[in-house]
Amino acid sequence: MKKINSLFKYLALLFLFVVQEYFIAYITYNTVGFICFQYAISIATFMISRKFAIMTSLFTPVVISLFLYNIGEFSIILCVLSLLAVLIIFLLTNTFLQKSFTVQFYRYSCTLIFISLLTMNSATGHFNPDFYTIANFLKVLTGCLMIIWFSSIFFREINQKKNRISELEYMKSHDKLTGLYNYREFTKNLNIISQGSDKKYVTVMLDIDDFKNFNDEFGHNEGNGILQSFSKRLLDYMVSNNEINSTLYRFGGEEFCILIEDTPIEFAYTKLNNFINCLEADKYRTESGKEIRVSCSAGISDNQDYATIYETVRAADDALYRAKKEGKGRVIVNTGDAFTTN
């Protein structure tokens, strides 16, 4: 269906719907003695796509009327009830796609039962109150419960598939250990920026100081704990109070990058410097209860000083190397002409 034009797609879907709807009318009329469940498809469709649900709901009374016309029992009352059912469907299911799956399915089930009972039709040209017996209501109710049971299986599969797709999309763009964006997402965003963005970006490269020593002394599990703690604190600090629009990435190992949008480099420097001071003051507690001091170094650059965003990243990396060389636990700014502590 993805390879064909939109017009043919809609015509094909409309044809399939008309065939199914006519089949429902034919089967129910010849098995239980009257027409029911004609809105089962359109109600189910609403949970998947509002666009197609509108089409199926509007065509339902048309198809049923054609069926009754073909068997010589065209019913005006059915058309009125069917059009009324269309309005009720959209009133009751208006928030289907904005709620949790449990709420969606609860409303779907109630709507299906209500609409099916409302549009029961004996295929006669006049309203017959004797037709609405307990036996007939039980027939429709039993059929509704069977549809709901089969639908629950289908919708559960749809829901699980959506969750799995969301999970895979998240894993593709995020680092599994820290939850930050990964290097792949970083290169993707750099490509987008390099293709013509005129926004101002401050690039920050960070590295946890002496991280190898932590791994050697406490083991890799504890090292992972330090990485997770550091990432959470950095993320909380950078996004607190919404002072700056920043995106955090983990390059791998103990190295991180931050892209800060439309922020003066002086402000970014002050914020990073404060973070480093807070990080060192608030010690990390290992599983054994030992408190250790964790520090980091950072290099900052501004894309206003460089021709491309890639050069900006390299400049920040050079500044980080300089910060490490000058004693760690500090922030160095690379303006292109000189390294400064701002």
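In the predicted model, strands β2 and β3 run antiparallel and are joined by seven bridges.

The β2-β3 pair belongs to an open sheet of six strands, arranged in the order β2-β3-β1-β6-β7-β8. The pairing in this sheet is mixed. Strands of a sheet pair through backbone hydrogen bonds, in either a parallel or an antiparallel sense. The edge positions are taken by β2 (residues 245-252) and β8 (residues 339-340), each of which pairs on one side only. Elsewhere in the sheet, β6 (residues 296-302) and β7 (residues 331-334) provide an example of parallel pairing, with four bridges between them. Ser-301 is placed opposite Asn-334 of β7.

Two helices that contact the sheet were examined. Helix α7 (residues 183-194) packs on the sheet and touches β1 (residues 201-208), β2 and β3 (residues 255-261). The direction of α7 makes an angle of about 130° with that of β2. Helix α11 (residues 309-325) lies across β1, β3, β6, β7 and β8, and runs at about 145° to β6.

A further helix contact involves α8 (residues 211-218) and α9 (residues 220-239), whose axes come within 7 Å and cross at roughly 140°. The two helices are therefore oblique to each other. On the α8 side, the contact is made by Phe-211, Phe-214, Asn-215 and Phe-218; α9 contributes His-220, Glu-222, Gly-223, Ile-226 and Leu-227. Classified by residue type, the contact of α8 with α9 comprises five nonpolar, three polar and one charged residues.

The structure holds two cavities of 30 Å³ or more, and the second largest cavity contains about 50 Å³ of space. The lining of this second largest cavity consists of Ile-226, Ser-229, Phe-230, Arg-233, Leu-279, Tyr-284 and Val-294. Four of the lining residues come from α9, which supplies the largest share.

The largest pocket has a volume of about 610 Å³. Its lining is made up of 25 residues, of which Gln-20, Ala-40, Ile-41, Ala-44 and Thr-45 lie nearest the centre of the pocket. Helices α1 (residues 6-31), α2 (residues 40-46), α3 (residues 50-70) and α6 (residues 134-173) each supply at least two residues of the lining. The greatest contribution is that of α1, with nine residues. In composition, the lining of the largest pocket has 19 nonpolar and six polar residues, with no charged residues.

How values were computed:
Residues numbered from 1 in each chain as written. Predicted model: local features only at pLDDT ≥ 70, side-chain atom pairs only at ≥ 80, totals over all residues. Heavy atoms only, no water. Axes fitted to C-alpha atoms, helices over the stretch in contact; angles between N-to-C directions. Parallel < 35°, antiparallel > 145°, perpendicular 65-115°, else oblique. Contact = heavy atoms within 4.5 Å. Nonpolar A, V, L, I, M, F, W, Y, C, P; charged D, E, K, R; others polar. Pairing = 2+ DSSP bridges. 1 Å grid on protein atoms, 1.4 Å probe; cavity = no way out; pocket = protein on both sides within 12 Å on 5 of 7 lines; lining within 4 Å. Points joined across faces, edges and corners; volume = space filled by probe spheres on them.
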